[in-house]
Amino acid sequence: MERQAPQDAVSPTAGENIVAPLNGQVRVLLPMPVGDGYDYAVPEEMPIAAGDFVEVPLSRRHLVGVVWGQGTAALAAEKIKPIRARLATEAMKPAMRRLVDWVARYTLSPPGAVLRMAMSVPDALLPPRPTLLYRLAENPPDSDIKLTASRKRVLEFMRDVPALPAADIARGAGVGASVVKNLQPLGLIEPVWLTSDVMPAQPDPDHPGPTLSEAQEKAAAALRAAVQAREFS
C-alpha cells in the first residue's frame, strides 16, 4: 500500500533566512529528544541566519544547535539567555532542515531527536584542536642540572627527531610520559602547538556513482520516480 507524504510536514520557518529576529530572539533547535526548540537572544554584533550552527547555554551545559527560525517571544526578554557563539562552519542547508521537520512529523518524533541523527558528530563542527608537541629548548639554561638516566635518554632521543607529542617521545626513549613533561620546567624542552588549517574537501553530489547492473538500474529508477512523485510504499 502506498502512502502520500504529508504536504504540511515542513515547518514554515525552516529554510527561511532570518533578517530581523523577532524581538531580538531566534528559535534554536537542539539535538535532544525534547521540545521543538528554545528561544535565545541574538547579540547585537552577531549576524544570524536560519541554519547557522550556534553554541548556546542550557542549564549548566553548553550545546551546539541550529538556528531554526524566529523566536516565539513567549518569555520576557530578561529571562532569555543569549547565544554564546556562532560556529565558523557552513550553515545547514534549507533542504536538510526541511527534511528534519518532515521526518519528525512523519514519524511522530521530536524534531531534536531527528536533528541529532543529522549532526551525530558535533565535534566535527568545531575547529580542530591544536596538538601539544615538545622539542629541545633553543636556549637551555646554562646552570648544571643533574640528569637521571631516564632524562638523558629523552634528551638524546629528541636530538634526532622533530617535535613530537609527549607520548611518542616517551615511547621512543623507553620512559614514562611524566619524565618527558618534567623536563619543561627545567627549561630543557619547550612546548609547540600544532594547528591544522586544512579543511576536508566539500562532497561532490555530481560525482559519478558505481556502475549498476541492469536490474539495479531498474530498481534505482523506480526509487527515484517514487521520491519525485512523493510516494512511498
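Me: Is D168 buried, partly exposed or exposed?
Reply: D168 counts as partly exposed, at 31% relative accessibility. Buried means under 20% relative accessible area and exposed over 50%, with partly exposed in between (1.4 Å probe, protein chains only). This is a predicted model, where local features need pLDDT of at least 70, side-chain atom pairs count only at pLDDT 80 or more, and totals for chains, interfaces and linings use all residues. Residues are numbered from 1 along each chain as its sequence is written, and side-chain values use heavy atoms, leaving out hydrogens and water.

Me: What does the D168 side chain meet in a salt bridge?
Reply: R171, at 2.9 Å, N to O. A salt bridge here is a side-chain nitrogen of Lys or Arg within 4 Å of a carboxyl oxygen of Asp or Glu. R171 is exposed, at 60%.

Me: How many salt bridges by that rule?
Reply: Seven. One of them joins D52 and R86 at 3.1 Å, N to O. Those two sit 34 residues apart, D52 in the loop between β3 and β4, R86 in strand β6. Helices (H or I, at least four residues) and strands (E, at least two) are DSSP runs, numbered from the N terminus. D52 is buried at 6%, while R86 is partly exposed at 40%.

Me: New topic: what's the strand order in the open sheet?
Reply: β3-β2-β5-β4-β6, five strands with antiparallel pairing; two strands pair if DSSP finds at least two bridges between them. β3 and β6 are at the edges with a single partner strand each, so one side of each has no neighbour in the sheet.
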